[in-house]
Amino acid sequence: MKISTELADVLLLIADLDQQIGQQRATLEHLASGEEVQGLRHRLASASEAYLQASTVVENLQQTIARGQVDLDSVEKRIAHDEKLLAQTSSAKDAEGIGHELRSLANRKSDLEDAALELMEQLESAEIILRDRLLEKTVCSEALTKESEALGENVKLAQSKLALLVQQRAGKIAGIPAELGELYEKKATRGIAAARLVHRDCGACRIALTATAFDEVMAAPADALVTCPNCSTILVRW
Ligand SMILES: [Zn+2]
């Protein structure tokens, strides 16, 4: 089959369009798989779980602190009550008993206050963690919303780019002789259908032609259609 340099250039253009179409299809497939959105959903799920855990820790600490406060209030009431009794009693024996109870109540009060202080410190740290978890959850949630919204737009954009490339390709194919078009299409189903010969390398399979094959290719008439002995792509020499 004969092929002019102009036609050879058109084949290279079609091959370039084929490559762009392939990339665009891959982009569409990637978008349609929803991989990014799925990844963000997983991140949001773990962030929500971590937030819930931190929130439970804070709530438990708050409840423990509240219970401690109730205990402390009751001990203080008891102390006030005993002090009143002590002031009123005239019995030395009673005074001794009340004094004994007051000492043990003072110890109990001191223990409860120490525990409350320790719990307040724990609560402070837990609240810092909770704030961090909330921030992470918010960031994930916003990213997911943004990505989900962008996905539809990106799919539409990739589809219209693809449609345009397919249209351009059809126009180019229609402009070349039918026989050459058929040959090109046949080769295109197997890989890159046309490529330039760069020095001794095939532009499609990137393998260098052997010295003999190269000499044969170069010795062929200028308008002869030559192919790569390795991948059988149409080689454009000029
Ligand atoms: Zn090749």
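Student: Helices (H or I, at least four residues) and strands (E, at least two) are DSSP runs, numbered from the N terminus. Where is R206 found, then?

Tutor: R206 is in the loop between β2 and α5 (211-219). The model is a predicted one, in which local features need pLDDT of at least 70 and side-chain atom pairs count only at pLDDT 80 or more, while totals for chains, interfaces and linings use all residues. Residue numbers start from 1 along each chain as its sequence is written.

Student: Is R206 buried or exposed?

Tutor: R206 counts as exposed because it has 11 C-beta neighbours inside 10 Å. With C-beta atoms placed from the backbone, a residue is buried if 20 or more other C-beta atoms lie within 10 Å of its own, exposed if 12 or fewer, and partly exposed in between.

Student: What is the phi of R206 near?

Tutor: The phi of R206 lies near 65°, which is a positive value in a residue other than glycine. S232, likewise not a glycine, has a positive phi of about 60°. S232 belongs to the loop between β3 and β4, and it is partly exposed because 15 other C-beta atoms lie within 10 Å.

Student: Turning to the sheet, what is the order of its four strands?

Tutor: The order is β2-β1-β4-β3, in an open sheet with mixed pairing. β2 and β3 (226-227) stand at the edges with a single partner strand each, so one side of each has no neighbour in the sheet.

Student: How many bridges join β1 to β4, and in which sense do these strands run?

Tutor: Strand β1 (residues 194-198) and strand β4 (residues 234-236) run parallel and are joined by three bridges. Two strands count as paired if DSSP finds at least two bridges between them. Across from R196 stands V236 in β4.

Student: And which sense applies to β1 with β2?

Tutor: β1 pairs with strand β2 (residues 201-202) in the antiparallel sense, over two bridges. V198 stands opposite D201 in β2. These two strands form a hairpin with two residues between them, where H199 takes a positive phi near 55°.

Student: New topic: which domains does the assignment give?

Tutor: Domain 1 covers 5-18 + 177-236, and domain 2 covers 28-174; the bounds come from an automatic or database domain assignment. Taken over C-alpha atoms, the centres of domain 1 and domain 2 are 65 Å apart. Their contact takes six residues from domain 1 and five residues from domain 2, where contact requires C-beta atoms, placed from the backbone, to lie within 7 Å.

Student: Which element gives the largest share of the domain 1 side?

Tutor: Helix α1 (residues 5-33) does, with five residues of the side that touches domain 2. By type, the residues of that side of domain 1 are four nonpolar, one polar and one charged. Here Ala, Val, Leu, Ile, Met, Phe, Trp, Tyr, Cys and Pro count as nonpolar, Asp, Glu, Lys and Arg as charged, and the others, Gly among them, as polar.

Student: What about α3: how far apart are its end C-alpha atoms?

Tutor: They are 120 Å apart, which agrees with the 123 Å that the 83 residues of helix α3 (residues 92-174) should span at 1.5 Å a residue. The expected span is 1.5 Å times one less than the number of residues.

Student: Where is the kink in α3 centred?

Tutor: The kink, of about 25°, is centred on L151. The bend at a residue is the angle between axes fitted to the seven residues ending there and the seven starting there.

Student: Which residues of α3 are buried?

Tutor: I98, A126, L130, K137, C140 and L165 are buried in α3, and the buried residues of this helix pack against α1 and α2 (35-88). L135 also has its place in α3, but L135 is exposed, with 12 other C-beta atoms within 10 Å. L135 and L162 lie 27 residues apart in sequence and 39 Å apart in space, C-alpha to C-alpha.

Student: Which residues of α2 are buried, by comparison?

Tutor: They are L40, L44, Y51 and A54, and the buried residues of α2 pack against α3. α2 has 54 residues and reaches 80 Å from its first C-alpha to its last, close to the 80 Å expected at 1.5 Å a residue.

Student: How far apart are Q53 and R133 in space?

Tutor: Q53 and R133 are 9.4 Å apart, C-alpha to C-alpha, and 80 residues apart in sequence. Q53 sits in helix α2, and it counts as partly exposed because it has 13 C-beta neighbours inside 10 Å.

Definitions and conventions: Two residues are in contact if their C-beta atoms, placed from the backbone, lie within 7 Å.
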